[in-house]
Amino acid sequence: MWRPKAKANTKDGLGKVEEVLLPLLEDLAEKKPEDLAVILGEDLNRLIKLIGRIYSQVQLACNLLSKAQGIQRVMAEEFNKTVAEVEQEATKKKGEAEAESEGQEVKADGEGKPVVKKAVAKSAAPRSRTAVGAAAKSPARKAPARKKAEQSRYLARRR
């Protein structure tokens with residue numbers, strides 16, 4: 001509730017600076033120093049102090065606005081990151097829902113991306129491991145070459 005009012009007040013204040021103060025300072029900057037010395041006379045010292053105060057307040061305002069701009073950038077980055085996470089989660093859920101409807105299994109990889117694997121159809125009569133394993137192995141198992149080399153070295157030493 002206070003934000004719209006504060007926003008309006010701040011914009012009004014900055015609008016007044018733009019409408020009133022800026023044209024006056026631009027007029028002042030166009031004058032020659034010799035003319036200002038004659039025109040202002042005894043008020044010159046007071047006006048120098050006044051412009052100094054205005055200058056320091058302008059610097060403060062500039063610093064505040066720069067910090068606000070930095071905060072706004074951080075907020076935008078956080079918002080974009082959150083949006084990306086939400087979109088990624090929605091894509092993941094959509095992928096899971098599609099996979100479930102098709103009878104597929106969904107797992108997430110290390111980066112959180114869904115990896116769809118087709119479900120394995122289980123048969124009524126499972127095969128025995130020995131029958132599958134026996135067909136895959138060679139008929140005669142051979143001793144590793146390393147073992148044979150060690151045996152030959154041992155026998156050579158004994159002779």
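Colleague: Which element gives the largest share of the lining of the largest pocket?

Modeller: That is α1, with 7 residues. Helices here are DSSP runs (H or I, at least four residues), strands likewise (E, at least two), numbered from the N terminus. A pocket is an open set of points on a 1 Å grid over the protein atoms alone, where a 1.4 Å probe fits, with protein on both sides within 12 Å along at least five of seven lines; lining residues have an atom within 4 Å of a point. This is a predicted model, where local features need pLDDT of at least 70 and side-chain atom pairs count only at pLDDT 80 or more, while totals for chains, interfaces and linings use all residues. Residues are numbered from 1 along each chain as its sequence is written, and side-chain values use heavy atoms, leaving out hydrogens and water.

Colleague: Which elements each supply at least two residues of that lining?

Modeller: Both α1 (2-30) and α3 (44-102) do. Of the 13 lining residues, Lys7, Thr10, Leu65, Ala68 and Gln72 are the closest to the centre of the largest pocket.

Colleague: How many helices and strands does the protein chain have?

Modeller: There are 5 helices and 2 strands, and along the sequence they follow the pattern α-α-α-β-β-α-α.

Colleague: What is the mean pLDDT of the protein chain?

Modeller: As a general idea, pLDDT is the predictor's confidence in each residue, from 0 to 100. In this protein chain the mean is 78, with 68% of residues at 70 or more. Among the elements, helix α2 (residues 33-40) has the highest mean pLDDT, 92, and helix α4 (residues 129-136) has the lowest, 50. Over residues 131-135 the pLDDT is below 50, and this stretch has 1 contact (heavy atoms within 4.5 Å) beyond near neighbours in sequence.

Colleague: What share of the contacts join residues at least 24 apart?

Modeller: In the protein chain, 10% of the contacts between residues at least 6 apart in sequence do.
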